[in-house]
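Let's take a friendly walk through a protein model together. Keep the sequence and the 3D view open, and look up each residue as it comes up.

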Amino acid sequence: MQVVTTLAELRAARAALPEPVGFVPTMGYLHAGHLALVRCARRENAAVAVSIFVNPTQFGPGEDLERYPRDLARDLRLLQAEGVDLVWAPTPEVMYPEGYQTWVEVADLTRVLEGAHRPGHFRGVTTVVSKLFAGMQPRRAYFGQKDAQQARVIIQMTRDLNLPIEIVVCPTVREPDGLALSSRNTYLTPEQRQAATVLYRALQAARQEYEAGRREAENLRQTMRAVLAAEPLARPQYVSCADPDTLQELQGPVEKALLSMAVFVGQTRLIDNLLLGYPDGVYPRYVPEGLG
Ligand code: AMP
């Protein structure tokens, strides 16, 4: 496994990889959710590349950039054990040198949900992912359904910029009690960790309503709100039942829907979602024209 930092090192190491290359972008502090993406990439590609970069431009003022957990040595051990071929761990200076002034922005999809509550977040995400794609030049890239809006936005960006990269979305990996794995779960006290299961419980309650045929969007939102309201340590920021494609809120009975939420447990902001009406519960793979 080669570990590189600079663009010169990356280009040399990238050129030596067998094709096709599957790429997993991460912010590090890896858990089983990240490793599931790596395994998915391993199955479909001759080589697997991972990036580790806590991207400052996707954190807002007052968010957790400084205290975001980091442990590069541990991450590298985990990736080595997964048979990863190349790890790119650039510094902020490599990605955003003095005088940097170019941004990639997806318009409508980023104005709602996470984008509405984290201004500038997706501009940072799409900019850094564009730069990571440009550096790594993968044939396929792997993202988690855990960050559903991010997956949807990356697919849009890839299509809009005609990037010759397949986007694969992999299922959310959960703890046995349903809590979605997240590097931010390490912020939770034992009591908060217990309370954090409320996100999945709320999503499951709404799924049950949907499966019982009570499919009004407002009923699904109300069901989630009621479960969240019963947990004193949870402060919901938004609860949504949206069109999976446009991410606009739905009204009336739904067929396909993205149920999603952001909830503060203490100072920690947690997100989770369920995709209803899709066989695998994930966004379908995006295959650019002519790449099939
Ligand atoms: P992050 O390091 O949080 O930026 O996440 C890197 C990638 O891992 C993103 O595509 C995430 O959606 C994905 N990911 C994070 N947590 C999970 C999880 N619990 N299950 C599946 N994928 C995940």
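## A tour of the model

If neighbours within four places in sequence are left aside, Glu255 is in contact with Tyr210, Arg215, Leu276 and Gly277. Keep in mind that the model you are looking at is predicted. Glu255 belongs to the loop between strand S7 (234–242) and strand S8 (257–265). Is Glu255 buried or exposed? With a relative accessible area of 56%, Glu255 is exposed. Asp243 is twelve residues away from Glu255 along the chain, and their C-alpha atoms are separated by 9.4 Å.

Now zoom out. The domain assignment of the protein gives domain 1 (2–170) and domain 2 (183–276). Their C-alpha centres lie 26 Å apart. The contact between them takes 21 residues from domain 1 and 20 residues from domain 2.

The largest nonpolar core has 46 residues. Which residues have the most contacts inside this core? They are Leu86, Met95, Val129, Phe133, Ile154, Ile167 and Tyr283. Helix H6 supplies the largest share of the core, seven residues. Domain 1 (2–170) and domain 2 (183–276) both give residues to this core, so it lies between them. A second, separate core has 29 residues, and Tyr210, Leu228, Cys241 and Leu270 are among them.

### Meeting Met95

Met95 is one of the residues with the most contacts inside the largest core, and you can find Met95 in helix H4 (residues 92–95). Its relative accessibility is 2%, so Met95 counts as buried. Not counting residues up to four places away in sequence, Met95 touches Phe53, Trp88, Pro90, Tyr100, Val128, Lys131 and Leu132.

### Two enclosed strands

Next, look at strand S6 (residues 166–170). Five of the five residues of S6 are buried, so this strand is largely enclosed by the rest of the structure. Both of its faces are covered: Glu166, Val168 and Cys170 are buried on one side, and Ile167 and Val169 on the other. Strand S5 (residues 140–144) pairs with S6 in the parallel sense over five bridges, and Ala141 stands opposite Ile167 in S6. Ile167 also touches residues elsewhere in the chain, including Phe133, Phe143, Ile154 and Arg285.

Six of the six residues of S2 are buried, so S2 is largely enclosed by the rest of the structure. Val21, Phe23 and Pro25 lie on one side of S2, with Gly22, Val24 and Thr26 on the other, and all are buried. S2 pairs with strand S3 (residues 47–52) in the parallel sense over six bridges. Where does Pro25 find its bridge partner in S3? The partner of Pro25 is Ser51.

### Rings that pair up

A pair of aromatic rings is described by the distance of the centres and the angle of the planes. The structure holds eight aromatic pairs, and two of them are set out here.

| Ring pair | Centre to centre | Angle between planes | Arrangement |
|---|---|---|---|
| Phe23 and Phe133 | 6.3 Å | 70 degrees | edge-to-face |
| Tyr100 and Trp103 | 5.8 Å | 85 degrees | edge-to-face |

The charged end of Arg67 sits over the ring of Tyr187, 4.0 Å from its centre. Arg74 lies over the face of Tyr29, at 5.6 Å from the ring centre.

Technical notes:
Residues numbered from 1 in each chain as written. Predicted model: local features only at pLDDT ≥ 70, side-chain atom pairs only at ≥ 80, totals over all residues. Heavy atoms only, no water. Phe/Tyr/Trp six-rings, centres within 6.5 Å; stacked < 30°, edge-to-face > 60°. Lys NZ or Arg CZ within 6 Å of the ring centre and 35° of its normal. Core = buried A, V, L, I, M, F, W, Y, C linked by side-chain atoms within 4.5 Å. Buried < 20%, exposed > 50% of the residue type's maximum accessible area, 1.4 Å probe, protein only. Helix = DSSP H or I, 4+ residues; strand = E, 2+ residues; numbered from the N terminus. Domains from an automatic or database assignment. Contact = heavy atoms within 4.5 Å. Pairing = 2+ DSSP bridges.
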